[in-house]
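Subject: Structure handover

Hello,

Here is the structure I promised to pass on. Please open it and keep it beside you as you read.

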Amino acid sequence: EVGESHSTMVEIKGKPASGRTWKPATIKRSSAKMAVRSLRKSWDEKLKERKNKDMLLEYQKEVREKLATEKRVERERIEERRKQKEENEKKAQVVQKITNTAKLKRMTKKQLKRIEKR
């Protein structure tokens, strides 16, 4: 029993020395590991990736342009509504026509600021 070789002994499992119990011990052989792919890509793969990238950039450009046009149209619509509202307010105002220009000379600065020429 004392002379038994290490190959027949069963490995005793306990708490790892690092204290990381959630990390399983890896006991894979180096021959069982996956083969590493080459760092360089083939010409066909490069062309395919470039084509995909170009398509993606084109799509992004289209989306940006579409959003920009929608924003511009919305801004124009809001501006038109604002102008129409101002015109309607001016139409609804009651105005008094000044025929005697001598009145303008007697007016104070405050009164002159309120006068609008139409």
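Below is what was found in it.

**Ground rules**

This is a predicted model, so local features need pLDDT of at least 70, side-chain atom pairs count only at pLDDT 80 or more, and totals for chains, interfaces and linings use all residues. Residues are numbered from 1 along each chain as its sequence is written, and side-chain values use heavy atoms, with hydrogens and water left out.

**Confidence**

pLDDT is the predictor's confidence in each residue, from 0 to 100. The protein chain averages 86. At least 70 is reached by 88% of the residues. Where pLDDT is low, the predicted coordinates should not be read in detail.

**Overall build**

The protein chain has three helices and zero strands. Along the sequence the pattern reads α-α-α. Helices (H or I, at least four residues) and strands (E, at least two) are DSSP runs, numbered from the N terminus. Helix H1 covers residues 43-92. Helix H2 covers residues 102-106.

How much of the protein chain is buried? Of its 118 residues, 0% count as buried. Buried means under 20% relative accessible area, exposed means over 50%, and partly exposed is in between (1.4 Å probe, protein chains only). The protein chain exposes about 13400 Å². Carbon and sulfur atoms supply 54% of that area. Accessible areas come from the Shrake-Rupley method with a 1.4 Å probe; for residues, only the protein chains shown count as cover.

**Salt bridges**

A salt bridge is a side-chain nitrogen of Lys or Arg within 4 Å of a carboxyl oxygen of Asp or Glu. A search of the whole structure finds five. Here are three of them, each with its N to O distance.

- Lys 41 and Glu 49 meet at 2.8 Å. Lys 41 counts as partly exposed because its relative accessibility is 43%. Glu 49 is partly exposed too, at 41%.
- Arg 72 and Glu 76 meet at 3.7 Å. Both lie in helix H1, four residues apart, about one turn of the helix. Arg 72 has 41% relative accessibility, so it counts as partly exposed. Glu 76 is partly exposed at 40%.
- Glu 86 and Arg 82 have their closest N and O atoms 2.6 Å apart. They are four residues apart in helix H1, so about one helical turn separates them. Salt bridges that share partners join Glu 79, Arg 82 and Glu 86 into one network.

**Surface patches**

Patches are made of residues with over 30% relative accessible area and no salt bridge. Like charges are joined within 9 Å, and nonpolar side chains (Val, Leu, Ile, Met, Phe, Trp, Tyr) within 5 Å. Lys and Arg count as positive and Asp and Glu as negative; His and the chain ends are not counted. The place of a charge is taken as NZ of Lys, CZ of Arg, CG of Asp or CD of Glu.

Which residues form the negative patch? They are Asp 54, Glu 58, Glu 62 and Glu 65. Glu 62 sits in helix H1. Its relative accessibility is 43%, so Glu 62 counts as partly exposed.

There is also a nonpolar patch of about 280 Å². Ile 98, Leu 104, Leu 112 and Ile 115 make it. Leu 104 lies in helix H2. Leu 104 counts as partly exposed because its relative accessibility is 33%.

Best wishes
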